[in-house]
Amino acid sequence: MKILIVCNNAYNRGNGMCTAILKLCKQLSDRGVQARLMASENPDPDGPRPYYELKHFKFPFFEKIIYSNGFRYAKTDKKMIEEAIKWADVVHLEEAFPLEITAARIAAELGKPCVGTFHLYTENIMANLGMRNARFINHLVTQWWRRSVFDKCKIVQCPAESVREHLVRCGFKSELRVISNGIDLNCGRSLENTAQPRPPYRILCTGRLSNEKSQDTLLEAIKYSRHSREISLVFAGKGPKEKKYRSFAAHLVESGVLAHEPVFGFYDHEELNRLAASAYLYVHCAWVEVEGLSCLEALRSGAVPVIAQGPQVATSQFALDERSKFPVKDAKALAERIDWWIEHPQERAQMSLRYAESVKKYDISNSTDAIIKMYQDAME
């Protein structure tokens, strides 16, 4: 079986979609499936390269915003795309941008089946362009994605049931199949949760520092917490909001709300695993999220989560009960959940074990089996 995986950008550290794509390539290779990646060139000259390497397309006016959010567009090389699709048995489209639109059209001309993965809501993009509430524009873009790419796929992978339900409401016509992107259970499982039931209580928040990830909700919540001076915040990520959030955090320290200065940093997987294993709580504030693998990776090490819940946040599916959920952007509700867990250390210790156990159903091995089955069904 020969699979062509098409995406604009696969080599940005800290981008969940890139991580999922590279893990898929490795998993397929380990199973003996021939998988070739078509993507833009790796900005790291010493890093790995895609099999079909496309030039970087610099988007007029918006390139700085796009790059600060960890994304790159690829130039559409029709000759290379046609060569790659002729080789493939199945074309796997990871987005719905001009590169994938061209690939879908050429695949149809050559009679090659396509499958797709819905990695992004349009709100993920519009929020970073300052248009969070542009419902009409989001609707138009979603319909453009549907007509130009996803309706041309035999099957569309939905990382969560809530994503499938959203696509049904939007009129998607292809078969919609729920398959988690999955995580490696062996990575970080050897680390036991070492969080201490005494201050300072480490609260870990991972993800790109951007509008839709909404880390300012956590900073705002600290002002309402009864235990604010006993809390140590760690923000693992980088992004366009870093300067603003650092300033917000510094103000909380200067005003006496926080006794421990928040830590901002960018960490590799091993360091993140250690942070999660020592975290008393893991807080996920995003108001739009297709899956949220960084949350699963924290739970793997026994971190107890408090996750934003909203109509476009699939991550809240990982919460085992209401104590680990709060309404999106509701800082006071988040503060209440944080205080409850701090004041109930025995319950937190018990739930730490349950959360570490709960991630087993998201084993990347099972996800890979399901994706290979998707390819086989598309070929038939």
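Which residue stands opposite Tyr-201 in E11? In the predicted model described here, local features need pLDDT of at least 70 and side-chain atom pairs count only at pLDDT 80 or more, whereas totals for chains, interfaces and linings use all residues. Residues are numbered from 1 along each chain as its sequence is written, and side-chain values use heavy atoms, with hydrogens and water left out. Helices (H or I, at least four residues) and strands (E, at least two) are DSSP runs numbered from the N terminus, and two strands are taken to pair if DSSP finds at least two bridges between them. The residue opposite Tyr-201 is Ile-231 in E11, and the two strands E10 and E11, which run parallel, are joined by 6 bridges.

These strands belong to an open sheet of 6 strands with parallel pairing, in the order E12-E11-E10-E13-E14-E15. Strand E12 (263–265) and strand E15 (325–327) stand at the edges and have a single partner strand each, so one side of each is left without a neighbour in the sheet. On average, and with direction ignored, neighbouring strands of this sheet are turned by 20° against each other, where axes are lines fitted to C-alpha atoms, for helices over the stretch in contact, and angles run from 0 to 180 degrees between N-to-C directions. Strands of a sheet pair through backbone hydrogen bonds, either parallel or antiparallel. Strand E14 (residues 304–309) runs parallel to E15 and is joined to it by 3 bridges, with Ala-308 standing opposite Phe-326 in E15.

Burial is described by relative accessible area, with buried meaning under 20%, exposed over 50% and partly exposed in between (1.4 Å probe, protein chains only). In E11, 6 of the 6 residues are buried, so this strand is largely enclosed by the rest of the structure. In a regular strand the side chains alternate between the two faces of the sheet. In E11, Ile-231, Leu-233 and Phe-235 point one way, while Ser-232, Val-234 and Ala-236 point the other way.

Helices were then examined against the sheet and against each other. Helix H10 (residues 269–277) lies across strand E10 (201–206) and strand E11 (231–236), and runs at about 140° to E10. Helix H12 (residues 331–343) also packs on the sheet, touching E10, E11, strand E13 (281–284), E14 and E15, and its direction makes about 160° with that of E15; contact here means heavy atoms within 4.5 Å.

Leu-167, which lies in helix H7 (residues 161–169), is buried with a relative accessible area of 0%. Not counting residues up to four places away in sequence, Leu-167 touches Phe-118, Val-156, Cys-158, Phe-172 and Leu-176. Glu-297, found in helix H11 (residues 293–300), is also buried, at a relative accessible area of 13%, and with the same exclusion touches Lys-23, Ile-183 and His-269.

The structure holds 23 salt bridges, a salt bridge being a side-chain nitrogen of Lys or Arg within 4 Å of a carboxyl oxygen of Asp or Glu. In one of them, Asp-151 is paired with Arg-146, the closest N and O atoms being 2.5 Å apart; Asp-151 is partly exposed, with a relative accessible area of 22%, whereas Arg-146 is buried at 11%. The side chains of Lys-213 and Glu-289 meet in another salt bridge (2.8 Å, N to O). This pair links distant parts of the chain, 76 residues apart, with Lys-213 in the loop between E10 and helix H8 (216–222) and Glu-289 in the loop between E13 and H11, and both Lys-213 and Glu-289 are buried. A salt bridge is likewise formed by the side chains of Lys-325 and Glu-322 (3.4 Å, N to O), of which Lys-325 is buried at a relative accessible area of 14%, while Glu-322 counts as exposed at 54% relative accessibility. Finally, Glu-175, Arg-177, Lys-373 and Asp-377 are linked in a network of salt bridges.
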